[in-house]
Amino acid sequence: MKKNTTENIPIEELLKGKKIPILVLDQRWHKLFPGGEKPAEIQALEKELNELLKEQGKRVNTIKGLKTGKKKLMDAIVSGMNEENSDKKKEKQQKLLLETKERIETESERLLDLPYEIKNANERLLVTGIRYCYDKWKNRSEELADLSDEIDIMREQLKAKVAYKVDLEESIDSTYSLMHAILGREVMNLFDKNKL
């Protein structure tokens, strides 16, 4: 029976169909890089994503402005129909109206492409970030395991030294007590004072 594993599946494949937040707008993303320390590749991808988001916002505002201008222009054309305006003015207004419509179409077409480009840039940023953070996590985990091993060895050494210290203290106390019992207090006091 085959084991269900994701070991050999590229990260990009694992992300398909997943709803991913826009990383540069997500605080959790920034917390992955304490102190804001990010590799150059991640910084470049973030910059690209930010530029696409700015462009999207700018184009939305441009289209809104163009539509407002178009409405005003149409209102002016309609109100001028009954007036005896020069043909040149009417022609100029119609030309401006056509140019505005074309510009709205051009901006709208670009605006339709941007979400796809934003999604791709966001996924590239996520894949690069995941690889970087996972490698960093893996290295730190290995370092932690090594440090834990060192600490375990030091604990054992410390236990041995504590046991040796206790033995030395008992030996010293025992030797002093025996010498005190054999020689008496007066002789031991002379030894203690003269440090013979």
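How many aromatic pairs does the structure hold? The count comes to three, where rings of Phe, Tyr and Trp (its six-membered ring) are paired if their centres lie within 6.5 Å. The model is a predicted one, so to speak for local features a pLDDT of at least 70 is needed and side-chain atom pairs count only at pLDDT 80 or more, while totals for chains, interfaces and linings use all residues. Residues are numbered from 1 along each chain as its sequence is written, and side-chain values use heavy atoms, with hydrogens and water left out.

One of the pairs joins Trp 29 and Phe 33, with 5.1 Å centre to centre and 65° between the planes. That makes the pair edge-to-face, the label for planes over 60 degrees apart; under 30 counts as stacked and the rest as tilted. Both Trp 29 and Phe 33 are buried, meaning under 20% relative accessible area, with exposed set at over 50% and partly exposed in between (1.4 Å probe, protein chains only). Phe 33 also pairs with Tyr 132, this time stacked, at 5.9 Å centre to centre and 20° between the planes. Phe 33 sits in the loop between helix H2 (27–31) and helix H3 (40–80), and Tyr 132 in helix H4 (residues 87–183), so this pair ties together parts that are 99 residues apart in sequence. Helices here are DSSP runs (H or I, at least four residues), as are strands (E, at least two), numbered from the N terminus. Why does Phe 33 count as buried? Because its relative accessibility is 1%; Tyr 132, at 30%, counts as partly exposed. Taken together, ring pairs link Trp 29, Phe 33 and Tyr 132 into a cluster.

As for the chain as a whole, there are five helices and zero strands. The radius of gyration is 40 Å, well over the 16 Å that the globule rule gives for 196 residues, so the protein chain is more spread out than a compact globule. That radius is taken over C-alpha atoms, and the rule is 2.2 Å times the number of residues to the power 0.38. Along the principal axes, the C-alpha atoms fill a box of roughly 140 × 55 × 20 Å. Buried residues come to 19% of the 196. Among contacts (heavy atoms within 4.5 Å) with a separation of 6 or more, 72% are between residues 24 or more positions apart.
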